[in-house]
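Hi everyone, thanks for coming along. Let me put the structure up, and then I'll walk you through a few of its features.

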Amino acid sequence: MRKTGTGWLIGVGVFAHVTFMGLMLAHVEPFHTFFYLFAWWTYLLVIGAINHRKSGRSYVIGGRWQLVWLCSCSVVVWLFFEIWNFRLGNWLYVGVITDLGLRWTVYALSFATVLPAILETDLLFDHLGVARRVRGPAFQVSARWPAALVVSGFVMMALVALLPRYCFPLVWVGIVLILDPVLYRMDKEASFLGQASRGSYQRLIRLMLAGLSCGVLWEFWNYGSGAKWIYNIPFLNQWKVFEMPLPGFLGFMPFALECYLLWELFRLARKTPAFTDRRYQALALILVISYCALTFYGIDVMTVIWL
């Protein structure tokens, strides 16, 4: 179903994005330092409006609290990988502002775009028919498969923790192997195992393409920003495209799968009775705020290069 009323948002978003890019190139502040932030939010506005116009569905346009919930989940998800990076040291932040309140606000607004970017781009690809005709043999999911995958995932994550210099790529794979069997038990239709059991691989491929596409945009917009990340990846610091070593772009594909799986698990958690209990809500809010504050502090201490 084609929806009207969002066409003006597309125009506003495109105009704002082009304007912000021009100001960034001219080194006008705050657009140069925070270009990454301006670029992603205008991108989300544009593709969200396109998706809503095409089908009435969008992750960032529509429900009153949907965007707040999605962005909150996004911050929580990305900070999980920031914590792993304390051990890995694969990326570092430079050009970061010194004002604590503004800096942490920028952290939150930047990390809030991760899940919306993956999911909205995946939805756009769905509307464009990407991978729609992809079919494959049905995968027979035996009773032992989910447990075997979970064990394999935990082994991978243990190797990452014990041998980060050599096993760092597994952090982007192990989580998928752990989470998808969990989702399979809770919602077979949403899990990749459940989809594969029907010979359906469209969502899997589409998400990986969405992850790769977002990865290119992440690196492109990061490259022009004054505040940015740089990489320190063992054995792979040559052959760079923007700041990212070329093989590193492959990691965006399983990362998109992780984002999808975590979002689906958050969706299911939201349906539990505990989610509507104000006592649990208050406790969850306290825990999330503490988790974010401690991780932001860890980023300041361990990941930022202060000049």
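First, a word on naming: helices (H or I, at least four residues) and strands (E, at least two) are DSSP runs, numbered from the N terminus. This is a predicted model, so local features need pLDDT of at least 70 and side-chain atom pairs count only at pLDDT 80 or more, while totals for chains, interfaces and linings use all residues. Residues are numbered from 1 along each chain as its sequence is written, and side-chain values use heavy atoms, with hydrogens and water left out.

Let's begin at the surface. Val-151, Val-155, Leu-159, Leu-162, Leu-163, Tyr-166 and Phe-235 form a nonpolar patch there, with about 700 Å² of accessible area together. For patches, residues need over 30% relative accessible area and no salt bridge; like charges are joined within 9 Å and nonpolar side chains (Val, Leu, Ile, Met, Phe, Trp, Tyr) within 5 Å. Areas come from the Shrake-Rupley method with a 1.4 Å probe, and for residues only the protein chains shown count as cover. Helix H6 (residues 145-162) gives the largest share, 4 residues, whereas Leu-163 sits in the loop between H6 and helix H7 (164-167).

Now to helix packing. Which residues of H2 meet H5? They are Trp-40, Tyr-43, Leu-44, Ile-47, Gly-48, Ile-50, Asn-51, Lys-54 and Ser-55, where contact means heavy atoms within 4.5 Å. On the H5 side, the partners include Pro-116, Glu-120 and His-127. H2 and helix H5 (residues 114-128) pack at an angle of about 35°, their axes 10 Å apart. Axes here are lines fitted to C-alpha atoms, for helices over the stretch in contact, and angles run from 0 to 180 degrees between N-to-C directions.

Asp-126 pairs with Arg-57, and their closest N and O atoms are 3.5 Å apart. That pair links distant parts of the chain, 69 residues apart: Asp-126 is in H5, and Arg-57 is in the loop between H2 and helix H3 (66-88). Across the whole structure, a search finds 11 salt bridges.

Last stop, the loop between helix H1 (7-25) and H2, where Pro-30 is found. The peptide bond from Glu-29 to Pro-30 is cis, with omega near 5°. His-27 is in the loop between H1 and H2 too, and its phi is positive, near 60°. For background, most residues other than glycine have a negative phi, and most peptide bonds are trans.

Key. Salt bridge = Lys/Arg side-chain N within 4 Å of Asp/Glu carboxyl O.
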